[in-house]
Amino acid sequence: MKDRQVDDIFQDLLSRIRENTPQRLFDTMFSEDSFELKSLENQTATFLADSASSAAIIKKSYLPTISKLLEEITSNHYEVEILDRASFLKRKAIVEGVHQSFFQNSRLLPQFTFDNFVSGESNKSAYLACMLSVTNPAMNNPIFLYSKSGLGKTHLLQATGNDYLSKHPESRVLYITSEDFLSEFVRFIKGKKDSESLKDFFRTVDLLLVDDIQFLAGKEDTQIMFFNVFNLLIAEQKQIILTSDRSPSELKGLQDRLVSRFSGGLSIHITNPNKDTLMAILKEKCKANAIPAGMIEDKALEYLALNYSKNVRELEGAFTKLLFSITIEKPTGKVDLGFVRKVFDDDEERRAKKGKVDIDKIIAVVADYYSLTEGQLKSKVRTSQIALARQIAMYLARDMLSLPYQVIGRSFSKDHTTVLSNIQKIERNSAKDAGLRKALDQLRDRIKGQD
């Protein structure tokens, strides 16, 4: 039916509804901005309400009346459906072959799941929060995950999206990076489209996953649009999960109102995984690559966990190198520690040479910074200032040189478990102590500046 005919029928319908409806209620539920007859096709009349709550009220209280009046006006019986605009837009996209005007290259990667994500002490809270967001969306909104690069944030976002779709197959999940949002916003502006069309697209999104939100820094116009989109989804109780390399309070170049919104949800810090988690990750990698259990000895895997544990990405790179060597050399029997040390012999020599020189430099710089002697840092004295300086020196040796815990421990006459504990303590404290973070940055600069 032509648009003009549909509009005439709708105006007639509204006038009849007005006759039997209190004016205030009519103005609220049936104003031009709140209610419209979208189409009369295939014996179906599709009405759009402005929100899901309005659609529910009209459906419950007015559906029989609308159906009866429509039949009187048209002399035809129509099945009446009342949808909110977001549901209509989403269904329209599905009917058109899931074509979307925006973020056409956005994809969830099926290999990222909760089942193959290894949860440990360092990431357990983030893992559970993401799982909960699937079964109880918007209970914590937004969820803000932050950590250094390579600790599994993207895996968690993708796994959340995949799990959500498996449980809600008719929903729309959007995974993007902040750079994707920026690029799409620029394209949208240059296209001179209807100013509401990008927001209308986000009305159809049930779960929004945004990686590396820190890269919106300094992009004022883009931040304004993201702020509007963020508020729209929060108001509609749609789940939002964001990731960053730092906590909301540390984000620079973002509007205060955005930082405030990010801080108003659930913020979770993901720290470096411990040895047990790293071993579990390696065993999961063996399983994923069809390597029989026990083919690579635990001592061999432990070597990787201790020497390539700066982040999960580094560990995966080392495992890939080992896998390649196994494929090429085809060792007989089990892959033992000797084979692994041979594969990584060049790395070991480089680290040993670098560590022998630079760990002494780190100890000297840290001692000078805190007005201590190198001997005090290496001693067993445990006064608060000396203990803190010692922990910082261990942390910097690990952070800047990627030295094994055993190598660091030898410089302080400590075992590797003590070194690991001290490093994790600095990681935890630096996440919430701006003064400590400033000291670490200053020490890094001093160390790099000394030749």
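The protein chain contains 20 helices and eight strands, where helices (H or I, at least four residues) and strands (E, at least two) are DSSP runs numbered from the N terminus. Its radius of gyration, taken over C-alpha atoms, is 30 Å, well over the 22 Å that the globule rule gives for 451 residues, so the chain is more spread out than a compact globule; the rule is 2.2 Å times the number of residues to the power 0.38. The C-alpha trace spans about 95 × 55 × 40 Å along its principal axes. This is a predicted model, in which local features need pLDDT of at least 70 and side-chain atom pairs count only at pLDDT 80 or more, while totals for chains, interfaces and linings use all residues. Residues are numbered from 1 along each chain as its sequence is written, and side-chain values use heavy atoms, with hydrogens and water left out.

Of the 451 residues, 48% are buried (under 20% relative accessible area, 1.4 Å probe, protein chains only). Among contacts (heavy atoms within 4.5 Å) between residues at least 6 apart in sequence, 72% join residues at least 24 apart.

Helix H17 comprises residues 384–401. H17 is mostly covered, as 14 of its 18 residues are buried. Ser-402 follows H17 and has a positive phi, near 55°.

Note on methods: Buried means under 20% relative accessible area, exposed over 50%, partly exposed in between (1.4 Å probe, protein chains only). The expected span of a helix is 1.5 Å times one less than its number of residues.
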